[in-house]
Amino acid sequence: MRAPHVALALTLVAPASLHAQVRAVTPPPRVSFAALRDNDGLRVGREVVRSERPIQLPRIVAAGEGWGFVWSESEGDAQLEVFAAHLDAGLVPMRRVAVSPLDGSLGAFAFAAPLDHDVWGVVFDDDRSARASWFARVDFSEHAATHRAPLLTAEGTPTTPALAWNPRRHTFAVMTHADGSLAVHLVDAVGRVTTPHAWRFARARTLTLATSPLVATAQGWALAMVRDDRLVVARLDAPGDPALVDVASANHHLNGLALDDDGDGLGVAWSVYDQGVYFTRIDGVRTPTEARRLSTAPFANNPALAWNGTHHVVAWSEQEGAIPSVRVQRVDRAMRPLPACTVAVGSVGREMWFHHLAAGGRDGRDVGLSWQVGQSRAMAMVLAP
């Protein structure tokens, strides 16, 4: 039986009629992969956000030994604004901050990368002056976004950003789109752009609905993108010409793309309309291993990825008949898959979409999974080894 909802008082939260309520449910929705079986019951996770108005693209992130959430929501007269919530290890919301100014403009498509549990970098798409990608430094100890700055390019107005924090370099890489090309900027811990256009890719695009295509590696960062109708991965170790790895053919039917790092190589997942979800692994800069097709189910798309220390965890959405669901599968470094399982099931007319994965917890072996239900709710659960 599902436990009753318990309202949680939060600092700096507007009246309930104006914003999504962040709620707590006990016991924590933490499920071991070893205990997962298909058809062993409905798993509903924990409700993290609920709103009277539409929300957009909720995403879970690992923050110290706890978790975090970013999403967009209409509050007051604003079309959409970006919010961040710090959650404890059991996904109980602790603090909430408005990332974008509540001034009636639009802020959306947010990704977060915590430096630690209190300080995060957040990027989002914004239209306050002209459409631009913005960087914000969020400090939960100060209950505020302590720095905001637009990232503009000479060629055009960037949109749909993503970021990744590299603790070894103590630097963010921030990716932006602009006029049919991709640019990656280096940003310090305060939020100052130190190297604009450290890497640039003409005739390139990427997909950011399910997860970030940009991840930190031991040497720097890696970026998954579509360039000249090919799915490629760029290793961004030093400014200049990056090492490019050709992964697969890609055309306008590609509808999902995800990337993660396992310490010795990179996992790449993608989905193709009416063909299913695929996964492969890149070891160094060599040709990737032959791809595995993980699902051919109807509407299998938008894969997300996270490395839990022993496996690449892949999540994607399916829809059998009129019932949407979220599926997960683990694949090891040798490309050996374990059985896939359904972890969340929707209902007729209630979408289960915009799922996202993040590896974290005390030892980095837990995987947080978030997804949106319909238009105005966000759910999350923790998948343990």
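So, which residue does Asp118 meet in a salt bridge? Arg95, side chain to side chain, at 2.7 Å from N to O. By salt bridge I mean a side-chain nitrogen of Lys or Arg within 4 Å of a carboxyl oxygen of Asp or Glu. This pair links distant parts of the chain, with Asp118 in the loop between strand E9 (107-114) and strand E10 (119-126), and Arg95 in strand E8 (residues 93-98), 23 residues apart. Strands here are DSSP runs of at least two residues, numbered from the N terminus. Both partners are buried, as in under 20% relative accessible area, with exposed being over 50% and partly exposed in between, 1.4 Å probe, protein chains only.

Quick caveats: this is a predicted model, where local features need pLDDT of at least 70 and side-chain atom pairs count only at pLDDT 80 or more, while totals for chains, interfaces and linings use all residues. Residues are numbered from 1 along each chain as its sequence is written, and side-chain values use heavy atoms, leaving out hydrogens and water.

Okay, the structure holds 13 salt bridges. Take another one: Arg333 with Asp262, closest N and O atoms 3.7 Å apart. Arg333 sits in the loop between strand E28 (323-331) and strand E29 (341-345), and Asp262 in the loop between strand E22 (254-261) and strand E23 (266-272), so the pair ties together parts 71 residues apart in sequence. Arg333 is partly exposed because its relative accessibility is 34%, whereas Asp262, at 3%, counts as buried. Salt bridges with shared partners join Asp262, Asp264, Arg281 and Arg333 into one network.

Key. Helices (H or I, at least four residues) and strands (E, at least two) are DSSP runs, numbered from the N terminus.
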